Amino acid sequence: MLINGCTGAVGAAAVQIALLQGAIVSGTCSADAAPQAKALGVTEVLDYRKTNLATLSRRFDVVFDTAITMPIATGMRLLSRGGVFLDLEPGPAKIIRSLFDRRLKPIICTPRPAIMAALAEAARAGGLSPPRAEIVAFDAAIGKIANLEQGVGPRGKAVVAIGTAELRDFRTSE
């Protein structure tokens, strides 16, 4: 499996879920993020600045473009026979194309209780851990959101804790 953008929020979750399902994961990210990708369990890390995926000779059963930067033609070319290209940005043209080309799978989902329960259990068991950069108290959330909208913020997700008990629990679980 190839995950384009393997250290972003969606990419990191996709890596962890793929590994839980037994997949061997290759991924693209910046050279600076390569250690994070390796720590997630990515076997082969490709620097997206230096690797031209359009000329890569390797083929994958699944190509998941979590960065939403890969042209469909490139993703389709990277597929092995019977492989699928997972697309996070399905517009009308892509949805129509997917009706005729079963290798293109637009991602349109509604969280189902069984899936959410399985993800919660994976998180409880330590197999799924979203990157948390910062934990903020509820009264600091507006300032955090304003900073993020201006592009100021750490890598990873900010967790907003409603009460002091939740804030304490998050901080002790790090």
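How many salt bridges does the count come to by the rule used here? The count comes to 4 salt bridges, where a salt bridge is a side-chain nitrogen of Lys or Arg within 4 Å of a carboxyl oxygen of Asp or Glu. Before we meet some of them, a word on the model.

This is a predicted model, in which local features need pLDDT of at least 70 and side-chain atom pairs count only at pLDDT 80 or more, while totals for chains, interfaces and linings use all residues. Residues are numbered from 1 along each chain as its sequence is written, and side-chain values use heavy atoms, with hydrogens and water left out.

**The sheet**

Let's begin with the strands. Helices (H or I, at least four residues) and strands (E, at least two) are DSSP runs, numbered from the N terminus. Two strands pair if DSSP finds at least two bridges between them. Here 6 strands form an open sheet with parallel pairing, in the order β3-β2-β1-β4-β5-β6. Its edge strands are β3 and β6 (104-106), each of which pairs on one side only. On average, neighbouring strands are turned by 20 degrees against each other, direction ignored; axes are lines fitted to C-alpha atoms, for helices over the stretch in contact, and angles run from 0 to 180 degrees between N-to-C directions.

Strand β1 (residues 2-4) runs parallel to β2 and is joined to it by 3 bridges, and N4 has T28 as its bridge partner in β2. To get from β1 to β2, the chain passes through helix α1 (residues 9-20) in a right-handed β-α-β crossover. Right-handed means that, with the strands pointing away from the viewer, the path from the first strand over the helix to the second runs clockwise. Towards β3 (residues 44-47), β2 makes 4 bridges, again in parallel, and T28 has L46 as its partner there. A right-handed β-α-β unit is also made by β2, helix α2 (residues 34-40) and β3. On the β4 side (residues 60-65), β1 pairs in the parallel sense over 3 bridges, with D65 as the partner of N4.

In a regular strand the side chains alternate between the two faces of the sheet. In β2, S26 and T28 point one way and G27 and C29 the other, and all are buried. Buried means under 20% relative accessible area, exposed over 50%, and partly exposed in between (1.4 Å probe, protein chains only).

**Cysteines**

The whole structure has 0 disulfides, a disulfide being a pair of cysteine sulfur atoms within 2.5 Å. For C29, the nearest cysteine sulfur is that of C6, 4.1 Å away. C29 counts as buried because its relative accessibility is 4%, whereas C109 is exposed at 65%.

**Charged pairs**

Side chains of opposite charge can pair when their charged atoms come close.

| Pair | Closest N to O |
|---|---|
| R58 and E44 | 2.4 Å |
| R124 and E121 | 3.4 Å |

R58, in the loop between β3 and β4, and E44, in strand β3, are 14 residues apart, so their pair links distant parts of the chain. R58 is partly exposed at 36% relative accessible area, and E44 is partly exposed at 29%. In the second pair, D87 is buried at 5% and K94 is partly exposed at 22%. R124 and E121 are about one helical turn apart because they lie 3 residues from each other in helix α5 (residues 113-124). R124 is exposed at 63%, while E121 is partly exposed at 42%.
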